[in-house]
There are 2 protein chains.
Amino acid sequence: MTAANAAPKSLARARELVTPVLAAASATLSPELRHIVEYHWGWVDAAGQPQRGAAGKMLRPTLAMLSAEAVGAPAERASAAAAAVEIIHDFTLLHDDVMDGDRERRHRPTAWTVFGVGPAICGGDALVLLAQRLLLEDAGDARAAAALALNEAAAEVIAGQVLDLSFEGRFDVSLERYLEMAGQKTGALLACAASIGALAAGGPEAAVRDLHAYGAALGLAFQAVDDWLGIWGRPERTGKPVASDLRQRKSSLPIVFALNESDDAARALRALLEDPAALGDETSLAEGVALLDACGAEQRTRDEAARQIAAARRALARAPIAAAARDELSELTRFVVEREF
Amino acid sequence: MTAANAAPKSLARARELVTPVLAAASATLSPELRHIVEYHWGWVDAAGQPQRGAAGKMLRPTLAMLSAEAVGAPAERASAAAAAVEIIHDFTLLHDDVMDGDRERRHRPTAWTVFGVGPAICGGDALVLLAQRLLLEDAGDARAAAALALNEAAAEVIAGQVLDLSFEGRFDVSLERYLEMAGQKTGALLACAASIGALAAGGPEAAVRDLHAYGAALGLAFQAVDDWLGIWGRPERTGKPVASDLRQRKSSLPIVFALNESDDAARALRALLEDPAALGDETSLAEGVALLDACGAEQRTRDEAARQIAAARRALARAPIAAAARDELSELTRFVVEREF
């Protein structure tokens, strides 16, 4: 068994599986689009020179690969699907960075700051089409089903993103709306990733369904942990400033929990969030964090994460799947949600 | 036979065919996304209230419908494909308006000015996924082939758009590069539209190929006409200011023709385009148009349009298709390229 903070071997195995598929896919793009996409992947620098990768963790391809193995298929069976879910994830990152005006990702300038807003939007557009094409060109009877499953998940991510955008500057977001948004924006693609390998391999319906439920809960757990880290995470670990989400006045889970309370602490927190002059310095941020704590938001966020982790583990336990894949998924779950938490 | 300036009946027939498919498709979106999409279609206003449509001409659905009829299939056989090509067209318009900062389309404020840049990007993203889904959910063996054909055409449009963006502020675009861009940005989707109905209906390969060639040439003809209108079109007909493309310093076909000449007029035109103080008033614009004329750009643009129209007509003449559909496509060709030209 791997220690909770060591990267599971399955991540490296998935990276090896999908890297050639990603390389072949980006080679079909026009030179301009290929540059944008491979820059975003950390394969080349702004001048187009090869660079040692600053790529993502490959969480989604790993889920896709393990879900094929879970129904007794070889990892190769999921290679197109695994690459396609990663490409959809990258499409959403490219567009989100434009929409949110984020200038840095994975410690590098974001694509739009290097290539401009228009080309970065085009880069995302090219990726969403590429992901669909990989599945349509994939061999096997299940290709249309897999293409449809990924299409629906991507559409949910977009719906979640537009909902999230609508939360900006509002401090009356209900817990229900927040969970709907997180389920769409984070849960849907993880649910798809965790089941698409089984789907593409023609695995039994019950396995596909339970793996889907596992991924959805894992996504909500991941988001709750991320939101916890966005307030209480240590900057040297998260790479973000102290109380980052409070600074940005983001309707993250702890803030939604707190603002749905009706006590004095909640009222004081709302006043801070609505005051444009507040939350700019360490004293004001510390006050905000203290108010969140007073509302019980820290514990409730931890509880929500624990609830979703338990749901993910239950779905995994009941899924009719191979023992080895279950163990690797279980290890991956720990890695994803037990980040310094 | 319809007069050149009267709208062919096939356009109205296609509108009737696809409107229910579009309505059912947008009803599957989240309320926020549906509002953006139906606003863009001219079905609702900024407040979400029903509005009498300011929708597009339905050129692409008409081509798709006629291409199914061309191989002896009923129009209904192409309804999903016809709606899907229109949706892809709308996706490109939504994103192009963001990238180009255009504030008006079809005499209404563009979606991003009403809903914001982020939601407008999401609206486009939702449409590209919706178009693919319509074809994946469509009945019949050919659905994957049709989905793939549309996917490839959309990818070409993106490649063309990113190339077009790279032309901005450059006055050294070769004719070859310009035609590559126009072929991708305008030709690819018309080629797909003109053949996807035949493809979805399982029509003979030769018909699909010739209809594809017809659409590609029609697209280049359409673009040449549009570029002619962008300089010499009458404002009361085009809805754009006099010499609009010159004003915007756009590398359109006449300007590319002129700048690839090496005479005095070409040098003087380049000096005007490179002078930020020029092309802002009627005198300066009239001077620019006179220089274009002196370079022979007006006649060469007309010649290029005529060449592509002839290529489209030849492809249509040799295609092994039904006579009625050929007549309607021929009528549509006239309507598209003989706009006050």
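A: Of the 341 residues in chain A, 57% are buried (under 20% relative accessible area, with a 1.4 Å probe and protein chains only). The model is predicted, so local features need pLDDT of at least 70 and side-chain atom pairs pLDDT 80 or more, while totals for chains, interfaces and linings use all residues. Residues are numbered from 1 along each chain as its sequence is written, chains are lettered from A and ligands numbered from 1 in the order written, and side-chain values use heavy atoms, without hydrogens and water.

Chain A has 16 helices and two strands (DSSP runs of H or I, at least four residues, and of E, at least two, numbered from the N terminus).

Two of these helices are α2(A), residues 31-40, and α6(A), residues 117-137, which pack at an angle of about 90° with their axes 9 Å apart. The axes are lines fitted to C-alpha atoms over the stretch in contact, and angles run from 0 to 180 degrees between N-to-C directions. α2(A) and α6(A) are therefore roughly perpendicular (65 to 115 degrees).

From α2(A), the contact (heavy atoms within 4.5 Å) takes in Leu33(A), Ile36(A) and Val37(A). Pro119(A), Cys122(A), Gly123(A), Ala126(A) and Leu127(A) contribute from α6(A). By class, the contact of α2(A) with α6(A) has seven nonpolar residues, one polar and no charged ones; Gly counts as polar, and Ala, Val, Leu, Ile, Cys and Pro are among the nonpolar types.

Conventions
Angles under 35 degrees count as roughly parallel, over 145 as roughly antiparallel, 65 to 115 as roughly perpendicular and the rest as oblique. Buried means under 20% relative accessible area, exposed over 50%, partly exposed in between (1.4 Å probe, protein chains only).
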